[in-house]
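Let's read a structure together, one feature at a time. Have the viewer open as we talk.

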Amino acid sequence: MAEWRPRQRRAALSCFDSFGDSDIFPAMPHVITDHQQFQAMIEGLSQHGMTSSEIARRIGCSRQQVWRLETGTCRKPSFELGMRLKQLHDKTISK
């Protein structure tokens with residue numbers, strides 16, 4: 001009988017791995033992570049008359065989450081949340 005050995009694990013591919021110039025795996029869009037960008041977007045929306053409650057309702061999060069984004073205490077905001085905030089900002093500011 002063969003000697004038992006543990007299976008070797010393959011390294012899982014991360015969505016952040018680089019694949020070069022491949023058509024199969026297009027480049028990931030840049031993730032908005034800098035809290036200063038969030039702060040600037042939220043301040044811009046506030047200057048256009050939107051409250052933090054209205055911003056939260058439109059991007060689908062809580063008012064407290066908007067506050068955390070603005071102050072930089074949100075450790076890892078989701079990509080979707082950052083994109084919804086950016087889309088709301090661009091849509092509102094372009095009017």
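**Reading the helix packing**

Q: Which residues does I59 touch, leaving aside those up to four places away in sequence?
A: Happy to start there. In this predicted model, I59 is in contact with V66, L81, R84, L85 and L88.

Q: Which residues touch the most other members of the largest nonpolar core?
A: I59 is one of them, together with I55 and L85, in a core of 14 residues. Helices α1, α2 (52-59), α3 and α4 (79-93) each give two or more residues to this core. The largest share, four residues, is that of α1.

Q: How many helices and strands does the protein chain have?
A: There are four helices and zero strands, and from the N terminus the order reads α-α-α-α.

Q: What describes two packed helices?
A: The general idea is to give the angle between their axes and the distance between those axes. Here, take α1 (residues 35-47) and α3 (residues 63-71): their angle is about 120 degrees and their axes lie 7 Å apart. The two helices are therefore oblique to each other, since roughly perpendicular covers 65 to 115 degrees and roughly antiparallel means over 145.

Q: Which residues make the contact between α1 and α3?
A: From α1 come H35, F38, Q39, I42 and E43, and from α3 come V66, L69, E70 and T71. By type, four are nonpolar, three polar and two charged.

Q: What percentage of the protein chain's residues count as buried?
A: Of its 95 residues, 22% do. As for the accessible surface, the total is about 8,100 Å², and carbon and sulfur atoms account for 51% of it.

Terms used
Residues numbered from 1 in each chain as written. Predicted model: local features only at pLDDT ≥ 70, side-chain atom pairs only at ≥ 80, totals over all residues. Heavy atoms only, no water. Axes fitted to C-alpha atoms, helices over the stretch in contact; angles between N-to-C directions. Parallel < 35°, antiparallel > 145°, perpendicular 65-115°, else oblique. Contact = heavy atoms within 4.5 Å. Nonpolar A, V, L, I, M, F, W, Y, C, P; charged D, E, K, R; others polar. Core = buried A, V, L, I, M, F, W, Y, C linked by side-chain atoms within 4.5 Å. Buried < 20%, exposed > 50% of the residue type's maximum accessible area, 1.4 Å probe, protein only. Areas by Shrake-Rupley, 256 points an atom, 1.4 Å probe, with all protein chains shown as cover.
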